[in-house]
Amino acid sequence: MKRKPTRRIQVGTVAIGGGAPVSVQSMTNTDTKDIASTVRQVLALKDAGCDLIRCAINDEMDAKAIFSIKEKGGLPLIADIQFDHRLALLALENGCDCLRINPGNIGGEEKVRAIVKLAKETDTPIRVGVNSGSLHQSMIDRYGGVNPMSLAESALLQVRQLEEMGFTQIKVAIKSSRVMDTIHACRLFSQKSDYPLHLGITEAGPPSTGRIKSAVGIGTLLAEGIGDTIRVSLTADPVEEVRAGVEILKACGLRKEGLELISCPTCARTKIDLLSIVKEAEQQLQNKKVNATVAIMGCAVNGPGEAREADIGIAGGKGEGLLFKKGKILRKVPEDQLLDALLQEIAQMERNTNEPDKCS
Ligand code: SF4
């Protein structure tokens with residue numbers, strides 16, 4: 001898939017845009033200044049595949065916690081600022097890797113200028129952008145409502161404001177809770193600007209519906225080559241956001257590392273309790289550090305054939321099943337030992353992956 005060329009910015013150790021891998025980000029929901037809790041969450045997010053984290057900076061203590069969170073959590077940190085330009089300055093002084101501001105709510109041009117000046121001096125990028133809930137009334141009036149035109153033009157206006165101050169280390173987010181508005185607005189922006197885009201569907205809701213909205217919105221844009229970093233917004237543990245984001249990248253062929261689980265939908269040929277086996281496998285295989293496709297199939301008639309591409313898998317029979325590897329049958333296993341046999345093989349693959357090369 002050809003990606004739309006964008007400018008590259010650097011958020012700590014992670015490059016965004018300009019052909020860099022599309023990154024996954026999430027936002028912590030601990031009290032930022034509670035460093036132990038925040039770091040614990042950052043580490044869990046990192047383990048799930050998160051590349052960048054965003055933390056709300058609500059007061060001075062939050063800003064002063066940035067350095068420790070970065071040092072102990074090991075991920076670049078985006079400081080999320082609302083209204084108070086002094087907190088933006090403090091976040092920059094405390095080593096945030098990117099600032100997220102809305103220049104329209106920061107209290108006037110002089111305050112934005114002060115932030116931009118320090119961001120330049122510290123070589124820190126700024127994320128600007130709009131979401132459907134906070135669009136300026138003048139834009140709503142000019143374009144006849146909250147729609148893709150008003151969203152895209154509002155983002156372009158924010159970009160121009162920073163450019164006029166001589167600042168170009170920008171990434172842009174345009175989000176609506178309406179999936180099609182987000183898609184059209186990002187397309188419009190992308191036609192007119194080459195700044196990297198942060199994709200997401202805002203307020204996407206609980207996981208059951210939020211994952212689907214996000215997959216459609218983010219996935220459609222990524223499939224068109226648009227988008228440089230993503231966040232799935234869910235009313236859930238942020239780890240769920242990261243898992244969903246990673247799966248979207250995998251489905252778009254933009255992230256290859258990690259384990260992929262494929263399983264059949266079951267039918268009248270299924271004679272084992274496949275639903276329970278897949279549910280348990282999904283749980284057990286979370287965060288496995290092995291690059292492999294794992295197949296869990298309901299029957300031996302089509303199972304190994306349908307999963308020929310898989311690295312390892314099982315196919316159910318009556319009271320037993322087959323364990324197979326790279327399309328070849330390894331052995332028959334009783335049904336109650338089938339999942340364990342599969343997990344043991346995967347654990348061995350993981351050990352082989354992580355074992356240091358004895359020849360070197
Ligand atoms: Fe049915 Fe077998 Fe296909 Fe599963 S793999 S859906 S059990 S035919």
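Hi everyone, thanks for coming. Please keep in mind that what we have here is a predicted model.

Let's begin with helix α1, which runs over residues 35–48.

Next, which residues of α1 are buried? They are Ser37, Thr38, Val39, Gln41, Val42, Leu45 and Ala48. As you turn the model, look at what those buried residues pack against: strands β3 (23–27) and β4 (52–56), along with helices α2 (60–73) and α9 (238–251).

Now for the charged side chains. The count for this model comes to 27 salt bridges, and I'd like to walk you through a few of them.

Start with Asp59 and Lys33, whose side chains meet in a salt bridge at 3.0 Å, N to O. Asp59 sits in the loop between β4 and α2, while Lys33 sits in the loop between β3 and α1, so this pair ties together parts that are 26 residues apart in sequence.

Lys33 has another partner: a salt bridge links it to Asp62, with the closest N and O atoms 3.2 Å apart. Here the loop between β3 and α1 is joined to helix α2, where Asp62 lies, so the pair ties together parts that are 29 residues apart in sequence. Asp62 itself has 0% relative accessibility, so this residue counts as buried. Which residues end up in one network? Salt bridges with shared partners join Asp31, Lys33, Asp59 and Asp62.

One more pair before I stop. Arg86 forms a salt bridge with Asp84, and their closest N and O atoms are 3.1 Å apart. Arg86 is exposed, because its relative accessible area is 57% and the cut-off for exposed is over 50%.

That's my tour, and I'm happy to go back to any of these residues on the screen.

Definitions and conventions
Residues numbered from 1 in each chain as written. Predicted model: local features only at pLDDT ≥ 70, side-chain atom pairs only at ≥ 80, totals over all residues. Heavy atoms only, no water. Helix = DSSP H or I, 4+ residues; strand = E, 2+ residues; numbered from the N terminus. Expected span 1.5 Å × (residues − 1). Buried < 20%, exposed > 50% of the residue type's maximum accessible area, 1.4 Å probe, protein only. Contact = heavy atoms within 4.5 Å. Salt bridge = Lys/Arg side-chain N within 4 Å of Asp/Glu carboxyl O.
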